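Biologist: Hello! Could you walk me through this model, one question at a time?

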Amino acid sequence: MQGELAKAWRHIDDKTLELDLRDDIHFTSGNKFTADDVKYTLDWLKDPALKIRFKARYTWIDKVEVLSPTKVRIYAIEPRADAMELLAYRILMYDKAVHGALADKGDYGRTAASSTGPYKLISVDRTGNVVIERNEDAIKKFPHMRAPIKTVVGVPIPDRQTQIAELLTGGVNVVGK
């Protein structure tokens, strides 16, 4: 199994996890993905002052130590059987340079975003319309990533009746919750 952001991982002991990060990953901003991004993201998410949904996904982390640009060590408060699952599937890594520059961190994804995934943010306007495009660089590195649609335009339609009417008349192709 090949990780998308880490090439190797190991338990040092029952509360310590060490990750060897890939050195060929860039965010869609062009910034290189490093251990500093991992530390920044996890430190921000576990901050007690931050009030977010599913906070328990992050509060198990005691501290994060950068060992090199491509190596990070994560210390848990207590042994946690699902630590790897949480890191792999529940925690998205933030681009420290982009997220850190925002006065309102909640704007990440609304006004600015940078990812390593199969799609990249192209634009967000004041009405809430969002345009994302397939991230060809990520697809080349990870052929298993699914991104069948080249460009996706998201348009907020608040009420269910209008959503259904738009779907039935061909105004939109997909309706989300």
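Biologist: Glad to have it in view. Over which ring does the charged end of K63 sit?

Modeller: This is a predicted model, where local features need pLDDT of at least 70, side-chain atom pairs count only at pLDDT 80 or more, and totals for chains, interfaces and linings use all residues. Residues are numbered from 1 along each chain as its sequence is written, and side-chain values use heavy atoms, with hydrogens and water left out. A charge sits over a ring if NZ of Lys or CZ of Arg is within 6 Å of the ring centre and within 35 degrees of the ring normal. At 4.8 Å from the ring centre, the charged end of K63 sits over the ring of Y75.

Biologist: How far is the charged end of R57 from the centre of the ring of F54?

Modeller: Here the charged end of R57 sits over the ring of F54. Its distance from the ring centre is 4.3 Å.

Biologist: What kind of aromatic pair do F27 and F33 form?

Modeller: Rings of Phe, Tyr and Trp (its six-membered ring) pair if their centres lie within 6.5 Å; planes under 30 degrees apart count as stacked, over 60 as edge-to-face and the rest as tilted. Searching the whole structure gives 2 aromatic pairs. For F27 and F33, the centres are 5.8 Å apart and the planes make 75 degrees, so by those cut-offs the pair is edge-to-face.

Biologist: Is T41 buried or exposed?

Modeller: T41 belongs to helix 1, residues 35–46; helices (H or I, at least four residues) and strands (E, at least two) are DSSP runs, numbered from the N terminus. Leaving out residues up to four places away in sequence, T41 touches I91, L92, M93 and Y94, where contact means heavy atoms within 4.5 Å. Buried means under 20% relative accessible area, exposed over 50%, and partly exposed in between (1.4 Å probe, protein chains only). Because its relative accessibility is 0%, T41 counts as buried.

Biologist: And N173, is that residue buried or exposed?

Modeller: N173 is found in the segment after helix 5 (160–168). Since its relative accessible area is 73%, N173 is exposed.

Biologist: Which helix gives the most to the lining of the largest pocket?

Modeller: A pocket is found on a 1 Å grid over the protein atoms alone: it is an open set of points where a 1.4 Å probe fits, with protein on both sides within 12 Å along at least five of seven lines, and lining residues have an atom within 4 Å of a point. The largest pocket has 36 lining residues, and E4, L5, L87, A88 and I91 lie nearest its centre. With 5 residues, the top contributor to this lining is helix 2.

Biologist: How many residues of the lining of the second largest pocket are nonpolar?

Modeller: Ala, Val, Leu, Ile, Met, Phe, Trp, Tyr, Cys and Pro count as nonpolar, Asp, Glu, Lys and Arg as charged, and the others, Gly among them, as polar. Strand 7 (residues 151–154) gives the most to this lining, with 4 residues. Alongside 5 polar and 1 charged, the number of nonpolar residues is 9.

Biologist: Last one: what pattern does the chain follow along the sequence?

Modeller: The chain has 5 helices and 7 strands. Buried residues make up 31% of its 177 residues. Read along the sequence, the pattern is β-β-α-β-β-α-α-β-β-α-β-α.
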